[in-house]
Amino acid sequence: MFQPFKEYLEEELFGNFNLRSRPIPAGLEANVSDRGKSKATIQSWCYQSAELRKIRYTYIDAGEMSQVFNCVMYPSHNYDLPLLGIDFLSFGKKKILVVLDFQPLFRDPAYQEKYIEPMREIRDKYNDLAQNLEMKFYDANQYFSKYLLFAKTDAETVVNRLFPAYQEYVQLYWQMLASAEPLKTEREIKRIIEAQKHYDQYSAERDPAHGLFSSYFGEEWSNRFLYEFLFEDATPLAVASV
Ligand code: BLA
């Protein structure tokens with residue numbers, strides 16, 4: 001379902017950046033579930049470049065049961081750019097949920113104007129994919145922009161609407177990255193380190209995927225995957241899963 005999205009991203013990444021592999025902790029690069037009736041595989045990739053300190057994406061393929069493409073790009077700490085966040089999910093082909101956003105690190109007007117307003121034109125063009133759905137796990141006012149794509153949709157729309165929208169957002173993200181001015185002072189950079197770390201903490205604590213991972217790959221693997229790979233700068237809560 002989302003393979004073409006992954007392939008597009010890979011072509012773009014390899015064509016535009018000088019990528020280096022970024023290690024994924026042992027045992028977390030891939031897994032296969034033999035529980036239940038259908039087989040599920042999960043595979044992840046991770047890279048870095050001068051501009052992007054962590055580019056990670058994951059594909060879950062459980063056949064007709066579920067297909068997930070999830071990606072986060074973290075700019076280097078000397079850029080205050082939003083993170084590029086992608087979460088495309090399909091369950092049994094009937095339930096398809098797609099989320100795509102430039103995830104803002106800050107919410108002040110100057111930041112919004114600089115990094116979020118440029119998304120508006122694309123978002124207006126793909127208004128049908130911006131459905132103002134209520135968030136149950138996350139807080140729409142934290143690390144989400146007002147121009148996110150967030151929709152419950154169908155397979156046809158994924159091909160005809162989501163794919164071109166995705167390409168436009170990715171292109172805009174590259175443009176922003178290319179024109180970004182690196183931060184210079186230690187104080188400014190420290191603020192980005194803290195904000196990105198807080199993003200990991202917030203995301204790890206709320207991630208609605210924990211249940212999905214646990215059901216396929218077990219609780220222990222799931223916790224490691226969240227805290228050692230997806231959101232490695234988060235600290236597990238002492239009371240987690242007690
Ligand atoms: C929702 N994301 C979900 C759900 C799952 C995942 C299972 C719940 C779907 C449901 O309603 O049944 C899956 N999340 C994953 C997977 C990974 C993950 C597989 O982190 C990792 C491999 N989520 C993101 C990113 C964004 C994001 C980067 O990881 C930003 C674009 C958004 N996911 C997002 C949102 C929802 C969601 C907004 C709806 C949650 C809500 O209602 O609060």
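User: Say buried means under 20% relative accessible area, exposed over 50%, and partly exposed anything in between. On that scale, is Gln 201 of this predicted model buried or exposed?
Analyst: Gln 201 is part of helix H5, which covers residues 186–206. Its relative accessibility is 19%. The cut-off is under 20%, so Gln 201 counts as buried.

User: Which residue does the side chain of Gln 201 pair with in a polar contact?
Analyst: Let's stay with that side chain from helix H5. A polar contact of 2.6 Å links the side chain of Gln 201 to the side chain of Glu 205. The partner is therefore Glu 205.

User: On to the ligand. Which pocket does the ligand sit in, and which strands each supply at least two residues of its shell?
Analyst: The ligand is in the largest pocket. Three strands each give at least two residues to the shell around it: E5 (66–75), E6 (83–91) and E7 (95–103). So the pocket is the largest one, and the strands are E5, E6 and E7.

User: How many residues of the shell around the ligand are nonpolar?
Analyst: There are 26 residues around the ligand, and Asn 70, Asp 87, Lys 136, Phe 137 and Asp 207 come nearest. Split by class, the shell has 3 polar and 5 charged residues. The nonpolar count is 18.

User: What share of the ligand's exposed area does the protein bury?
Analyst: A nitrogen atom of the ligand is 2.6 Å from an N or O atom in the side chain of Asp 87, while an oxygen atom of the ligand is 2.7 Å from a polar backbone atom of Lys 136. A backbone N or O atom of Tyr 138 also lies 2.9 Å from an oxygen atom of the ligand. Taken alone the ligand exposes 860 Å², and the share that the protein buries is 94%.

User: Asn 132 and Tyr 143 both have a positive phi. Is Tyr 143 buried or exposed?
Analyst: Asn 132 lies in the loop between helix H3 (120–125) and strand E8 (149–153), and Tyr 143 is found in the loop between H3 and E8 too. Phi is near 55° for Asn 132 and near 65° for Tyr 143. At 72% relative accessibility, Asn 132 counts as exposed because the cut-off is over 50%. Tyr 143 has a relative accessible area of 8%, so it is buried.

User: How far apart in space are the C-alpha atoms of Tyr 147 and Phe 137?
Analyst: Tyr 147 also belongs to the loop between H3 and E8, and it is buried at 9% relative accessible area. Phe 137 is among the residues that come nearest the ligand. Tyr 147 and Phe 137 are 10 residues apart in sequence, and their C-alpha separation is 19 Å.

User: And what is the C-alpha separation of Leu 81 and Lys 114?
Analyst: Leu 81 is in the loop between E5 and E6. Its relative accessible area is 0%, so Leu 81 is buried. In sequence, Leu 81 and Lys 114 are 33 residues apart; in space, C-alpha to C-alpha, the value is 9.3 Å.

User: Last one: what separates the C-alpha atoms of Met 1 and Leu 89?
Analyst: Met 1 is in the segment before helix H1 (3–16), and with 28% relative accessibility it counts as partly exposed. Along the chain, Met 1 and Leu 89 are 88 residues apart. Their C-alpha atoms are separated by 9.1 Å.

Methods. Residues are numbered from 1 along each chain as its sequence is written. This is a predicted model: local features need pLDDT of at least 70, side-chain atom pairs count only at pLDDT 80 or more; totals for chains, interfaces and linings use all residues. Side-chain values use heavy atoms; hydrogens and water are left out. A residue is near a molecule or strand if one of its heavy atoms lies within 4 Å of it. A polar contact is a pair of N or O atoms within 3.5 Å; within protein, one must be able to donate a hydrogen and the other to accept it, and residues adjacent in sequence count only if both atoms are side-chain atoms. Accessible areas come from the Shrake-Rupley method with a 1.4 Å probe; for residues, only the protein chains shown count as cover. On a 1 Å grid over the protein atoms alone, a cavity is a set of points where a 1.4 Å probe fits but cannot get out, and a pocket is an open set with protein on both sides within 12 Å along at least five of seven lines; lining residues have an atom within 4 Å of a point. Helices (H or I, at least four residues) and strands (E, at least two) are DSSP runs, numbered from the N terminus. Ala, Val, Leu, Ile, Met, Phe, Trp, Tyr, Cys and Pro count as nonpolar, Asp, Glu, Lys and Arg as charged, and the others, Gly among them, as polar. Buried means under 20% relative accessible area, exposed over 50%, partly exposed in between (1.4 Å probe, protein chains only).
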